[in-house]
Amino acid sequence: MDAVLDLLRAARRTGGAANMVQGDAISVPQLVVLGAIDVAGDRGISAVAERAGLAQPTVTRALAALERRGMVERTPHASDGRSRCVALTAAGRAVLEEKRQEIVGRFAELWADLSAGERDHAVSLVRRLSAITDRLV
């Protein structure tokens, strides 16, 4: 149980940390929202929140910050005047791609330090912990 709590604490610390991108900070939740917009933005903010796995108020706050920074734009939904669609701007897409590449590169470096057996074991454990977490929620 202590190891699981350590993992959750580390994830929480990482989730709140700001990472520098193009001379400006972007939080992990904002990065998650950018990725969700890339997939579900045309279906509205609720779909973005669902895809991101975040509460709608958290997504709304992140969207406001991202919109102020010119990374996203909101437009009226074509079939539902009460809803808004969200789209990445060129700047938002550039930040998302840059950050994805950075994360993949850093992960690959760390992953390479593990033996093949450790990697197999890690994958198995992460899948199992993910399934357990889904059952807890």
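**Figure 1. Contacts across the chain.** In this predicted model, residues 24 or more positions apart make up 42% of the contacts with a separation of 6 or more. Let's see what the chain is built from. The chain has six helices and four strands, and starting at the N terminus the elements follow the order α-β-β-α-α-α-β-β-α-α. The chain counts 137 residues, and 24% of them are buried. Its accessible surface is about 9,300 Å², with 56% belonging to carbon and sulfur atoms.

**Figure 2. The largest nonpolar core.** This view goes inside the protein. The largest nonpolar core has 20 residues, and those touching the most other members are Val 33, Leu 34, Ile 37, Val 59, Leu 63, Leu 66 and Val 72. At least two residues of this core come from each of helix H2 (28-40), helix H3 (45-52), helix H4 (56-68), strand S4 (84-88) and helix H5 (90-112). H2 gives the largest share, with five residues.

**Figure 3. The surroundings of Leu 66.** Which residues is Leu 66 in contact with, leaving aside its neighbours within four places in sequence? Look for Ile 26, Gln 30, Val 33, Leu 34, Met 71 and Val 72. Among these partners, Val 33, Leu 34 and Val 72 are also listed with Leu 66 among the core residues that touch the most other members.

**Figure 4. A nonpolar patch on the surface.** Now we move to the outside. Leu 125, Leu 129, Ile 132 and Leu 136 form a nonpolar surface patch, and together they have about 360 Å² of accessible area. One of them, Ile 132, sits in helix H6 (residues 116-136). Why can Ile 132 count as partly exposed? Its relative accessible area is 32%, and partly exposed covers values between under 20% for buried and over 50% for exposed.

Key: Residues are numbered from 1 along each chain as its sequence is written. This is a predicted model: local features need pLDDT of at least 70, side-chain atom pairs count only at pLDDT 80 or more; totals for chains, interfaces and linings use all residues. Side-chain values use heavy atoms; hydrogens and water are left out. Patches are made of residues with over 30% relative accessible area and no salt bridge: like charges are joined within 9 Å, nonpolar side chains (Val, Leu, Ile, Met, Phe, Trp, Tyr) within 5 Å. Accessible areas come from the Shrake-Rupley method with a 1.4 Å probe; for residues, only the protein chains shown count as cover. A salt bridge is a side-chain nitrogen of Lys or Arg within 4 Å of a carboxyl oxygen of Asp or Glu. Buried means under 20% relative accessible area, exposed over 50%, partly exposed in between (1.4 Å probe, protein chains only). Contact means heavy atoms within 4.5 Å. A nonpolar core is a set of buried Ala, Val, Leu, Ile, Met, Phe, Trp, Tyr and Cys residues joined through side-chain atoms within 4.5 Å.
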